[in-house]
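Visitor: Please take a close look at one helix of this model and at the salt bridges around it. I would like a connected account.

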Amino acid sequence: MERRRFKQSQTLKQRLVNEISRLRDEARSLPPGRRREMLLRRVRQDETTIQIEAWLSSPGLRAPT
């Protein structure tokens, strides 16, 4: 079976920033509760992903010896 592949038009960081913005907007419109907390948790996960991606792609990163 052949894998379907496609080229991303935006970088990972751009896609995550867009998702963070969308999730925050949605969370603001919800009353306090489980759904809102889940959205805010996803925002924090996406922010952490951005930080990890920046760290991994930094020029100072070196392989362990």
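Guide: Helix α2 covers residues 34-56, 23 residues in total, and reaches 33 Å from its first C-alpha to its last, close to the expected 33 Å, which is 1.5 Å times one less than its number of residues. Helices here are DSSP runs (H or I, at least four residues) numbered from the N terminus.

The model is predicted, so local features need pLDDT of at least 70 and side-chain atom pairs count only at pLDDT 80 or more, while totals for chains, interfaces and linings use all residues. Residues are numbered from 1 along each chain as its sequence is written, and side-chain values use heavy atoms, leaving out hydrogens and water.

In α2, Leu39, Val43, Asp46 and Ile50 are buried (under 20% relative accessible area; exposed is over 50%, partly exposed in between, with a 1.4 Å probe and protein chains only). Helix α1 (12-28) is included in what covers these buried residues.

A salt bridge is a side-chain nitrogen of Lys or Arg within 4 Å of a carboxyl oxygen of Asp or Glu, and by this rule there are 6. One of them joins the side chains of Arg24 and Glu47, at 2.3 Å from N to O. This pair links distant parts of the chain, with Arg24 in α1 and Glu47 in α2, 23 residues apart. Arg24 is partly exposed at 33% relative accessibility, and Glu47 is partly exposed at 29%.

Arg35 forms a salt bridge with Glu26, the closest N and O atoms being 3.0 Å apart; Glu26 is partly exposed at 27%.

Terms used:
Helix = DSSP H or I, 4+ residues; strand = E, 2+ residues; numbered from the N terminus. Contact = heavy atoms within 4.5 Å.
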